[in-house]
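Here is a quick tour of one structure, with an eye on helix packing, strand pairing and salt bridges. Have the coordinates open while you read.

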Amino acid sequence: MRPSLLALSVACLLGLVAMPSWAHHPEFKVPHIFATGWGITLDADGSGFYNDYARFTLGTDLSNKNYLVAPYKRAMRGFKRDKSSCVYPKSIDTLMRTGDWEEGESFIESAAMLRSPLRVFTRDDMTIIHSPADLTGKRLAYALGSKIPHSLGDIGVEYIPVADEVDKAKILDTGTVDAMIANMPDAFFVFQSLGQPLPPHDPHYDPIPVPRIRIVCHDTPNNRDFIAQFNHRLQELAASGEMAEHLRELGLDPAEFMP
């Protein structure tokens, strides 16, 4: 590990402490998990919805000492370089769709942790976006590093990359852009932090197939064991009702976001 990543791991460690169950499997090594930070919902200080959701789903039995939050591009570079590591929140489908899957690479992924539909939001004085044709000629803000232009393609829109999700919401409000594309529930928490309701949008328009949030790992024997244990915990959380209750406590509808 390079010194910069070592420093990052110390600074960004979420404080998840492994329970004694790990001691029964001394041959099992918990992988590094690179988290693609982008703002208040996945912050480098360990706060935000996705960091909390990692803590909730990983739990005490599947916690790890190597959860590293870094800016999106840096986290992806770390994941691609460390052939024994994992990345979150991602999916193999997303890696393929965004061009992050290179020929010859072999990945495995966890079961789905969360549905995360993308929505296109507009200002109050604009027509709601219902289709790609409605975006033609518009200025569309998107998260820097997320490769939205690659996924949506050349549809006659001017893509405006923004490094922070709160800034993205603010430039929509000021009229710097005509629309913004963002995942849910991310946008819910961003506008909640600004004391604003969600901007106008079509809740039934999916500009990109709805992503299922997962942990993606390089395919190694150790990571297969890790994924198997993690999947078992996800099944328990869903079956017990804990996952649904956790989402409800955050103001989210389990029917919309549970995988």
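A residue counts as buried when its relative accessible area is under 20%. By that cut-off Arg123 is buried, since its relative accessible area comes out at 19%. Keep in mind that this is a predicted model.

**Salt bridges**

Arg123 is a handy way into the charged side of things. How many salt bridges does the structure hold? There are eight of them. Arg123 forms one with Asp125, and the closest N and O atoms there are 3.2 Å apart. Asp125 is exposed, at a relative accessible area of 60%, whereas Arg123 is buried.

Two other salt bridges sit inside helices. In helix α2, Asp52 pairs with Arg55, and these two are three residues apart, which puts about one helical turn between them. Both ends are partly exposed: Asp52 has 36% relative accessibility, and Arg55 has 25%.

| Salt bridge | Closest N to O distance |
|---|---|
| Asp52 – Arg55 | 2.4 Å |
| Arg123 – Asp125 | 3.2 Å |

**Where α6 meets α7**

Now for some helix packing. Helix α6 covers residues 165–174 and helix α7 covers residues 186–193; their axes come within 10 Å and cross at roughly 70°. Angles of 65 to 115 degrees count as roughly perpendicular, so that is how α6 and α7 lie relative to each other. Which residues make the contact? From α6 you get Glu165, Val166, Ala169 and Leu172, and they meet Asp186, Val190 and Phe191 of α7. Sorted by class, this contact has five nonpolar residues, two charged ones and no polar ones.

Leaving out residues up to four places away in sequence, Ala169 touches Met180, Val190, Phe191 and Leu194. Take Phe191 from that list: Ala169 and Phe191 are 22 residues apart in sequence, yet their C-alpha atoms are 7.3 Å apart in space.

On the α7 side, the buried residues are Asp186, Ala187, Phe189, Val190 and Phe191. What do they pack against? Besides α6, the buried residues of α7 pack against α2 (49–58), β6 (118–122) and β9 (179–183). That α2 is the helix with the Asp52 and Arg55 pair. After α7 comes Gly195, whose phi is positive, near 70°.

**A pair of strands**

Finally, have a look at strands β1 and β2. Strand β1 spans residues 33–37, and five bridges join it to β2, with the two strands running parallel. As a landmark for the pairing, Thr36 stands opposite Ala70 in β2. Is β2, residues 67–71, largely enclosed or largely open? Four of its five residues are buried, so β2 is largely enclosed by the rest of the structure.

Key: Residues numbered from 1 in each chain as written. Predicted model: local features only at pLDDT ≥ 70, side-chain atom pairs only at ≥ 80, totals over all residues. Heavy atoms only, no water. Axes fitted to C-alpha atoms, helices over the stretch in contact; angles between N-to-C directions. Parallel < 35°, antiparallel > 145°, perpendicular 65-115°, else oblique. Contact = heavy atoms within 4.5 Å. Nonpolar A, V, L, I, M, F, W, Y, C, P; charged D, E, K, R; others polar. Buried < 20%, exposed > 50% of the residue type's maximum accessible area, 1.4 Å probe, protein only. Pairing = 2+ DSSP bridges. Salt bridge = Lys/Arg side-chain N within 4 Å of Asp/Glu carboxyl O.
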